[in-house]
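Please read them with the model open.

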Amino acid sequence: MSAGSAICGEIRGGGWASGLPTSGPGGDSCADIPGIAGLLLDYVRPLRDWFDQLLGDSAGVAGFAASWEDSERSLLQLHPELVAGRAALADLDGRTVRALRERYEDLIALSRDTAEWTGATAAALRTASRIVDATRSFVCDLLVQLSRFADELFSFTLNPFEAADRVRDFADAAFDLVESAGRLVQDLLEALFALASLVQKLVPIVAEGLDHLREILAQMAPIVGLLGGLALGGLPGGVGGLLLGGAVQNLLQGSSDVEELDPDALSGDRREAWERSQKVTEITSLADLVGVNGTTDGMGGEDATVIDVKKVVGPDGSVHYVVSLPSTQDWQLGADAGAMNDRDSNLALLMDNPLLRSAYERAVLEAMQDAGVPAGADVVLTGFSQGGIMAANLAADGSFPYNTVGVITNGSPIDTFDIPPHIPVYAFQHANDPVPMLDGSVVGGTPANVHQIVLPPASDPIAAHNNELYTSSVRDWEERYATTHGAPPPWLDLFGGQVVDHSVFTAAEGR
């Protein structure tokens, strides 16, 4: 028996509520407590306190129990559907089908466990609701009896000894009521505490199960997308389903560990890119911001995702952070490499899901936190290609915990992102670079805060989507702008300054 099953058994068994009433005398005696007992509630403090503790919304508790019972029924109905889905694969073979069959086995087991957890919770809530009602009913019934006894006490009599006996009897009855009600309430509170302790033990087990479920669904998404696409649209549909399933997998997969990049672990081109990144001690132009995107890509390659974070002091002494985000390095044409900035992440970002963050996005947020960027700090986001998509995605995200003061992208399709109008955006694209138009947008029609700068076409169309060429083209554009307008492009003072701290972080899938 698993730990979760054992805890569920304790909850369902009701041992935590041993000795407590689950049914009362009946009726609604709490609605109107007559006579002096009703007045005593205002003057006898213990009665008032205990009564208040019992005036919970038992109907609300029962409503929660009903919701959990509905969830249990849904999960129990899902179980035979999963079994049927697994059976449908029985006559098929192949590596893809075998992998899908294994995922079905995992889901079937997990659905059973989840139904058990929800059923135990529903049973506990239902029992707790009955106990609260019963306890209220018992206490209120005692108060009604006390009220009637009090009426007798204060009925007319000329015999002083009889009156004294009545006072003594009433005091004894009131004392017994206080004592018995106190024990009942104490037992109730201890029982509910015991139930809370059991549920608390179940919480991490449920959380682990949900994480496992997410991983199973993530693994299934590309396979289901491929098979479903093939069934609906043949080979083109299969390709589309595979791509969409990969994007869903990216959103569901677990987060990877983010750690500071160790330059001693780098060699060759990656080491050279790191050394070039360290030479950036001042940002004086938009071309500088575009240029750092190239070194960010170079440090990671297809093996790892690299995020570059610089702390910059502007000309006016204000502090902001420049975050450089990598472009697509793993196109997943073969085995999926380690970089999270891959093909699947591209599609996941363009889907711009408000509820789920891609693995790449989660890594960026963790890197910024590890770099010591305080919540609410001013940040400039820059990126090439997919890195620009990530920059626009973060700037458009209302839950982004930082204050974006600028976005610089090059070769990125970002026109579908709703970036707030107070954030200045530079979106550079070569005239013959097809990538910025993958979102269906063509040149023009952008909001006032988005400066879509169309650069001259590259002589080699293949080289049009190249960060080094973009850096050179942006530098030429800035020089022409300064000559024409007698000043650098606007907002550069918000973006540039002296680099006073520089940290680089890395993460990879499966790490």
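Predicted model: local features only at pLDDT ≥ 70, side-chain atom pairs only at ≥ 80, totals over all residues.

Where is the place of S385?

1. S385 sits in the loop between strand 5 (378-384) and helix 11 (386-396). Helices (H or I, at least four residues) and strands (E, at least two) are DSSP runs, numbered from the N terminus.

2. Residues are numbered from 1 along each chain as its sequence is written, and side-chain values use heavy atoms, with hydrogens and water left out.

3. S385 is not a glycine, yet its phi is positive, about 55 degrees. Its relative accessibility is 9%, so S385 counts as buried (under 20% relative accessible area; exposed is over 50%, partly exposed in between; 1.4 Å probe, protein chains only).

4. W491 is another residue to check. Its phi is near 75 degrees, a positive value in a residue other than glycine. W491 lies in the loop between helix 12 (467-485) and helix 13 (492-495). With a relative accessible area of 29%, W491 is partly exposed.

5. Helix 8 is mostly covered, with 11 of its 15 residues buried. Among them are L286, L289, V290 and V292, as well as N293, T295, T296 and D297. Just after helix 8, G301 takes a positive phi of about 65 degrees.
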